[in-house]
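Please keep the sequence and the 3D view side by side as you read.

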Amino acid sequence: MHFRHVVFGSVLFPILAGAAPIQAPSAAVLQNLATQCAAHPVGDFCPGLSSTNPSRRSHEKRAQELQSDAAWGLARISQRNKLSTMGTDKAGPDQLPRRGASQDWSFTFDDTWGTGVLVYVVDSGVWSGHSELTGRVENGWVAPGLGGTATQDVCDHGTAVASLIAGTTLGVAKKATIVPVRIVDSSRCAPNPPESSTQDAVPGINWAVSDFKGRTNAKGGVINVSWQVYQTAASEQALTAAIAAGMHVLVSAGNNNKNQCLGGPSPAALQRVKDVGQIVVGGTDWDDARMDFGSFGSNFGPCVTLFAPGMSMVVAKGETDGTNHPLGFGGFYNSGTSFATPLVSGVIAALISSGGNMSPADMRAAVVSKAVQNAGIGKLQGSPDVLLQSAMLGTTAQRR
């Protein structure tokens, strides 16, 4: 895998050889970022600011908080290097790293992250009664004909996704507002054929765009689609409209262990939605390798924008307080690009609340530029070697 690099202002942008270049932020946006960073530095995200700058250090002393009961995914995006204390011990027949399943990792964050940002979770509903999300889940929307409410989780999935975006202990942007967009009932938790998942998701995306246009006081809007979305005229139009409305759209790469550009699993001609400005997220394991378990694994290829942790995640349960913990379950439990994508959504919500909003194209370029380049991700198979980083890095993210 080869990259060429282009410098815009003080930001280094990797361009995947043979792929269309990511649109870099405009000169005006870079100048605005520099101005915002000078007044309100956000950890190591701000370009051109030295970590020895006294004003930056004093700000970080005021703003930084250290969470010591974080899960490994938060810890990994808080530092640029691999989690060296992960260890090699296994958890019985599941072959899950016991160290990875523990919640004694560190996560450096700003307690204001996500304030004023709406994150639309297009999924199976988000249970509003969970302690991870108390008081920050709106009523949302349910697709016509499904019945029930958007604040019930019919598949034990949407709540997990939301908790990684905005959970009190499990999430990145702990003050973000979750807007649940329930697109399925319990009979379609694992859609088959996959075309049905696209038919489910499109109305939800359209509703999110319509709702956001009326939210004049919101700092920004994010749409998280941890669901299968394939190429149709309707899906392309929905994503295009969301981007045009200034919303940041994130779509999971999928878990078919196939080239994400080609889609799958069947029919062979089924394609993933072409690039209209969305961010496509693949998943990595605790050893910084692309998740790969044979028939199950993160999709790959140059159509993936970047990777984020997605294996053996501790997540909120769907209809009862507490967490779905990876230990004691099968090796695929709580694993998938569905759980990598919300970490990126959380980082974007944090950046919006801390430094102001920007266009979807500029945000995508900024998130990629801030991520670890040449991260050493294993089993890339043509994917960009780019791993998500949080909006603020700690001196260490691992408990010794």
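First, some ground rules. This is a predicted model, in which local features need pLDDT of at least 70 and side-chain atom pairs count only at pLDDT 80 or more, while totals for chains, interfaces and linings use all residues. Residues are numbered from 1 along each chain as its sequence is written, and side-chain values use heavy atoms, with hydrogens and water left out.

Start with the interior. A nonpolar core here is a set of buried Ala, Val, Leu, Ile, Met, Phe, Trp, Tyr and Cys residues joined through side-chain atoms within 4.5 Å; buried means under 20% relative accessible area, exposed over 50%, and partly exposed in between (1.4 Å probe, protein chains only). The largest such core has 57 residues, and those with the most contacts inside it are Trp113, Val119, Ile178, Val344, Ile348 and Leu388. Among the elements giving two or more residues to this core are β4 (105-110), β5 (117-123), α5 (158-166), α8 (337-355) and α9 (360-370). Helices (H or I, at least four residues) and strands (E, at least two) are DSSP runs, numbered from the N terminus. The largest share of this core, 10 residues, comes from α8. Apart from it lies another core of 31 residues, including Phe212, Ile223, Ala238 and Leu239.

Now turn to the annotated site. In an unreviewed entry, UniProt places the feature "active site" at Asp123, His157 and Ser338. These residues span 216 residues in sequence, yet no two of their C-alpha atoms are more than 10.0 Å apart, so they gather at one spot. UniProt positions are given in the numbering used here, with feature names shortened, and annotations may be inferred rather than shown by experiment. Asp123 is found in strand β5 and is buried, with a relative accessible area of 0%. His157 sits in the loop between β6 (141-142) and α5, and counts as buried at 15% relative accessibility. Their side chains make a polar contact at 2.7 Å (a pair of N or O atoms within 3.5 Å; within protein, one must be able to donate a hydrogen and the other to accept it, and residues adjacent in sequence count only if both atoms are side-chain atoms). Leaving aside neighbours within four places in sequence, His157 is also in contact (heavy atoms within 4.5 Å) with residues including Ser226, Trp227 and Ser338.

How covered is α5? Nine of its nine residues are buried. What covers them includes β5, β7 (177-182), β8 (220-225), β14 (315-316) and α8.

Thr305 lies in the loop between β12 (296-297) and β13 and is buried, with a relative accessible area of 10%.

Finally, the structure holds 10 salt bridges, each a side-chain nitrogen of Lys or Arg within 4 Å of a carboxyl oxygen of Asp or Glu. Lys82 and Asp287 form one of them (3.5 Å, N to O), linking distant parts of the chain 205 residues apart. Lys175 and Asp111 meet in another (3.0 Å, N to O). Lys175 lies in the loop between α5 and β7 and Asp111 in the loop between β4 and β5, so this pair ties together parts that are 64 residues apart in sequence. Glu138, Asp211 and Arg215 are linked in a network of salt bridges.
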